[in-house]
Amino acid sequence: MDDAHSKRRLRDLIVAAVLTCIAALVPLFVKDVYVQNIMVLTLMYAALSQAWNILGGYCGQISLGHALYFGLGAYTTVLLFTKFGVLPWFGMLGGGLISAVIAMALGYPTFRLRGHYFVIATIVIAEIGFLLFHNWDWAGAALGIDIPVRGDSWAKFQFTRSKLPYYYFALVFCCVAWLVTWWLENSKWGYWWRAVKDNPEAAESLGVVVFNSKMGAAAVSAFLTAIGGAFYAMFVSYIDPESVMTFQFSLLMALPAVLGGIGTLWGPVLGAVILIPLTELTRSFIGGSGRGVDLILYGTVIVVISLARPEGLIGLFAKRRKEVAR
Amino acid sequence: MKIDRRHLLLGGAASAAVLPFAKPARAQAKEVVIGVIYPLSGASAQIGVDAQKAFQTAAELINNKYDFDLPLARDEGLPGLGGAKVRLVFADHQADPQKGRAEAERLITQEKVSAIVGTYQSAVAVTVSQICERYQIPFLSADNSSPSLHRRGLKFYFRAAPHDEMFSQAMFDFFDALKKKGKKIETLALFHEDTIFGTDSSNAQLKLAQERGYKVVADIKYRANSPSLTAEVQQLKAADADVLMPSSYTTDAILLIRTMGELGYKAKNIVAQDAGFSEKALYDAVGDKIPGVISRGSFSLDLAAKRPMVGKINDMYKANSGKDFNDYSSRQFMGLIVMADAINRAKSTDGEKIREALVATDMPGEKTIMPWKQVKFDAEGQNTFADPVLLQYVGGKFVTIFPEQAAVAEAIWPMP
C-alpha cells in the first residue's frame, strides 16, 4: 500500500463521517414530512445501489434481477410479522440470510454465464420469483399484504406520522452499506473482484478463485438488498408483488450506481442524491398536469449526464481522470 | 465567468433541487381544498386524464349555479361554509402504492387538503387510505372496486360506489332471472387477469357460482398485459361454456376478442366484469366482433330519459373531455359530489367533523346521476345501496337490461 492510497482512504472515511453528521442534523431544520420522505427514499436507494454496486460495479457481474432479493427481504419480514408475530428486526435479518443463500444457490449455475447472458439470466430469475409470489395465495398473491399500523413502536418499527425513525434507520443502513464497501474495497476480496471484472482468465492464472469471489460478492450484495426490502415494507406498510418485485425495481437499484459512477465508492450515493429527489419532486410538482412532462425531464437529465460524463457523475469531482478509474 | 460542463451540470442539478421547495401562496380564504390522486402517467394515464375532466366538471357544478336537482348545484360554492369554493389539487401516483402514499402525505401536510378522493388502482387505495387514517382526513374511494378495501376497520374510509362482490351478485341475479324465463344457463367459464382486480373478481364469481348451482367448466387466470392468449383461448373454446365471464383490462380484452376470432371460437354469451369492456377503445377496435356483449356497470346514459339532468351533465363532461361518461368517470364525478356534500353539511374543514357528516350521509338516488337507490354508508364505510346495472352492447351503443327498475330493453339472449 503506497502512502497516497491510504491517505485517500482516510480522506474518504473523514468525508463520509462529516456527511453523516450533516445528514443526521438535517431533520432538525427540515420538518416537512414530504421532504423527509424524499430524504428517506434517497438514503434507501443510495444504500441499495451501494449493495448492487458490490456485485455489479466491483465484481462486474451486472444484475438486473436484484428486485428478487429486495422482494424476499420484504416478504420474509412481513410474512413473519403478520402471520407469526415475529418482530420485523428478526424478519429483516432472516430475510437477509435467506436472500444471501438464494443468491449463492442461483449463482452456482448462473456465474458460468458471461456478459449479456448473465444479465438475461438475472432478469428471468427475478421474473420467476415475481410470478411465484404473484400466485402464492398464502402470501397474499396479487392482493398483497396490508400491515396494520397501531400506534408508534420501536419494537414493531411502526410510526404513524413521524418520519424521523425511518430517516435515522435509513441513514444507518446507508452508512453500513458504505462502510462495508469501503472495507471490502481494500480487502483481498476487493482486489479479487476488480481482477475478475477486468479479465477473469488473467485473474484465474494469478490464483484468484473466480467462482468463489463472484459467490461472495453475490451473497453480500443480496444480504444488504434484502435489508433494504425489509425496511421498505415497514416504511410503506403495504406490499404486493407489483410494488416490490417488478423489473422496474431492479433498474432503480442499478441506475444511481450507473449514473453516479459504476464500481466507485461514492458513485451510488451521488447518483441517488441527484436521481431520487429529481423523480419525486418533478412528479409532485409537474406530474399533476397529466402530460408526462416530469418523465420527459427525468429522461432528459439521464441522457445529458450519460453524454456529458459517460464514466459517471463522480467524474465531476475527480481532480485527475485517472483517480476515477482506480 | 467561464462556464464549463461541470458548472452547468452542477448548477442545473442544484437549481432543480431547490426550485420546487418554493411553496405556492395560499392566501385565498374562501376555499376548500380537496386532493385528487390518480395515475397521470404510465400505462393507465388515460384513466387519470379522463378522471381530471370528471372532477373538474363536478367542481364546476359545485362552484357555480346550475338548475339541477343535484346536491350543491343550485348554490354557488358551499353554502354551509359561507359560499367557499372547492379547489382541486391533482397528484400523480403512477400506479405505485409508495408514490400514492407520499403524494397523500404531501397533499395533507403541504396543500392542507380537507379530504382526498382517488385512486383507480386498488393497491394504491390501500396505502392512500392508510395515510388518511393516520392524519384523520376522510378518504373517498371513488372507483376502486376491490371488496377487501372497506374491510380493514378504517374509520376514515368511504366508498359510494359498488364493489366487485356487488357487481358479480348482479350478474348472478340476472342469470337466475333468465333461468326463470326458461333460458338455458348451466356452465360458466371464468377468464381473469392476475392482479388484484381480476383475482378479487374471480374469487367472488367462484363463490357465487357454487352457492347458486352453476358449474364452472373453466377458470383461467392469465398474466396481465400478456403478449399472447392463444393457449388460454383454446381452453375456453374446448370448455365452450354457456357464459364466458372475462375480468380484463382494455389491452387484454382486445387481445382476447381478436384471438377468439382467429381461433374460430364464438362464445355463446359474454358477461364481462367492466374494466376493458366499458372502454370506448375496445369497441373502436373489436366492437363489430362482439355484438350483444353484456358488461356490468355502475352508470347508464339511459337514465337520461328518466332524469334529464343526467344527459345535461354528461354534455358538460363531453364538452370538456370529448367522451361520454363511462363507468369510471361517472363514479369519479359522483365521488366529489358526495364528498363536497359532506363538507358542506359539516360546515367545517376539520377531518373528524367531515367524517361525522359522511357517516350521516343520506342522499336519495334521484339526486345523483347514478342508478343507485341512495347513498348511505354502513359501519365499514361502504354504500350498500349502490345498485349496479348490466348493459348490453346493441347496434353500436349500450342499453340497460338489468335490473328491471332501470332496464329500458329486454336482454337479447343468447347474444346474436
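In this predicted model, the contact between the two chains draws 40 residues from chain B and 34 residues from chain A. On the side of chain B that touches chain A, at least two residues each come from helix H1 (5-18), helix H2 (45-63), strand E2 (85-92), helix H3 (97-109), helix H4 (122-135) and H6. H3(B) provides the largest share of that side, with nine residues. By class, the residues of this side of chain B comprise 16 nonpolar, twelve polar and twelve charged.

Within chain B, helix H5 (residues 164-180) and helix H6 (residues 196-212) have axes that come within 9 Å and cross at roughly 35°. The crossing of H5(B) and H6(B) is right-handed. The residues making this contact are listed below.

| Helix | Residues in the contact |
|---|---|
| H5(B) | Asp164(B), Glu165(B), Ser168(B), Gln169(B), Phe172(B), Asp176(B) |
| H6(B) | Asp200(B), Ser201(B), Ala204(B), Gln205(B), Leu208(B), Arg212(B) |

The contact of H5(B) with H6(B) has three nonpolar, four polar and five charged residues.

Helix H8 (residues 250-262) of chain B has 13 residues, which at 1.5 Å a residue should span 18 Å; the C-alpha atoms at its ends are 18 Å apart, so the two values agree. Buried residues in H8(B) are Thr250(B), Asp252(B), Ala253(B), Ile254(B), Leu255(B), Leu256(B), Ile257(B) and Met260(B). The buried residues of H8(B) pack against strand E6 (187-193), helix H7 (230-239), strand E8 (243-247) and helix H9 (280-286) of chain B. After H8(B) comes Gly264(B), with a positive phi near 65°.

Notes. Residues are numbered from 1 along each chain as its sequence is written. Chains are lettered from A and ligands numbered from 1 in the order in which they are written. This is a predicted model: local features need pLDDT of at least 70, side-chain atom pairs count only at pLDDT 80 or more; totals for chains, interfaces and linings use all residues. Axes are lines fitted to C-alpha atoms, for helices over the stretch in contact, and angles run from 0 to 180 degrees between N-to-C directions. Helices (H or I, at least four residues) and strands (E, at least two) are DSSP runs, numbered from the N terminus. A crossing is left-handed if the near helix is turned anticlockwise from the far one by less than a right angle, and right-handed if clockwise. Two residues are in contact if their C-beta atoms, placed from the backbone, lie within 7 Å. Ala, Val, Leu, Ile, Met, Phe, Trp, Tyr, Cys and Pro count as nonpolar, Asp, Glu, Lys and Arg as charged, and the others, Gly among them, as polar. The expected span of a helix is 1.5 Å times one less than its number of residues. A residue is buried if 20 or more other C-beta atoms lie within 10 Å of its own, exposed if 12 or fewer, and partly exposed in between; C-beta atoms are placed from the backbone.
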